[in-house]
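Subject: Handing over a structure

Hi,

Here is the structure I promised to pass on. Have a look at it first, and then read my notes below.

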Amino acid sequence: MKFSVDDVGAALHRLFIGAAGTTLRKEDKQKAQELAPLLDEVARLATKKTGVLIDACAGKSALGLLAAALVLPPGWRVVVVERDVKRVEHARRAAALIDR
């Protein structure tokens with residue numbers, strides 16, 4: 001499965017920005033470029049019906065949550081490991097937006 005940078009950027013915007021009429025910042029576009037090949041790799045490895053993806057030192061968990069939104073089969077779980085409370089809250093808000 002190949003993910004375009006535009007598709008990843010759109011998902012980043014939906015999960016982490018979400019404000020109508022806004023666009024991705026330069027840093028967000030860079031993140032989309034970095035995440036697209038990683039999501040391809042997650043898709044290559046996530047071939048079983050169930051599993052767990054652990055996003056350690058996750059920050060806002062862009063990789064884990066985008067994998068949940070775009071790649072992982074419904075039987076999979078994402079475990080986010082992050083010690084910064086503010087980042088955990090960002091990740092929780094984004095996770096609530098994933099349609100699963």
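**What I found**

Ala-95 is partly exposed, with a relative accessible area of 34%. On that scale, buried is under 20% relative accessible area, exposed is over 50%, and partly exposed is in between (1.4 Å probe, protein chains only). The areas themselves come from the Shrake-Rupley method with a 1.4 Å probe, and for residues only the protein chains shown count as cover. Ala-95 belongs to helix 4 (residues 85-95). Between Ala-95 and Val-52 there are 43 residues in sequence and 15 Å in space, C-alpha to C-alpha.

Before you go further: this is a predicted model, where local features need pLDDT of at least 70 and side-chain atom pairs count only at pLDDT 80 or more, while totals for chains, interfaces and linings use all residues. Residues are numbered from 1 along each chain as its sequence is written, and side-chain values use heavy atoms, with hydrogens and water left out.

Now the overall picture. The protein has four helices and two strands, in the order α-α-β-α-β-α from the N terminus on. Helices (H or I, at least four residues) and strands (E, at least two) are DSSP runs, numbered from the N terminus. For 100 residues, a compact globule would have a radius of gyration near 13 Å, and the protein agrees at 13 Å. That radius is taken over C-alpha atoms, and the globule rule is 2.2 Å times the number of residues to the power 0.38. Along the principal axes, the C-alpha atoms fill a box of roughly 40 × 30 × 25 Å. Of the 100 residues, 36% count as buried.

On to the surface patches. Patches are made of residues with over 30% relative accessible area and no salt bridge; like charges are joined within 9 Å, and nonpolar side chains (Val, Leu, Ile, Met, Phe, Trp, Tyr) within 5 Å. A patch of positive charge brings together Lys-31, Lys-60, Arg-87 and Arg-93. Lys and Arg count as positive and Asp and Glu as negative, with His and the chain ends not counted; the place of a charge is NZ of Lys, CZ of Arg, CG of Asp or CD of Glu. Lys-31 sits in helix 2 (residues 26-45) and is partly exposed at 37%. There is also a nonpolar patch of Val-52, Ile-54 and Val-81, with about 260 Å² of accessible area together. Val-81 is in strand 2 (residues 75-81) and is partly exposed at 42%.

How many salt bridges are there? The count comes to five, taking a salt bridge as a side-chain nitrogen of Lys or Arg within 4 Å of a carboxyl oxygen of Asp or Glu. One of them joins Lys-2 and Asp-40 (3.9 Å, N to O). Lys-2 lies in the segment before helix 1 (5-17) and Asp-40 in helix 2, so this pair ties together parts that are 38 residues apart in sequence. Lys-2 is exposed at 74%, whereas Asp-40 is buried at 14%.

Within helix 2, Arg-44 and Glu-41 are three residues apart, about one turn of the helix, and their side chains meet at 2.5 Å, N to O. Arg-44 is exposed at 53%; Glu-41 is partly exposed at 35%.

In helix 4, Glu-89 and Arg-92 form a salt bridge too (3.0 Å, N to O), again three residues apart. Glu-89 is partly exposed at 33% and Arg-92 exposed at 54%. Finally, salt bridges that share partners join Arg-25, Glu-27 and Asp-28 into one network.

Cheers
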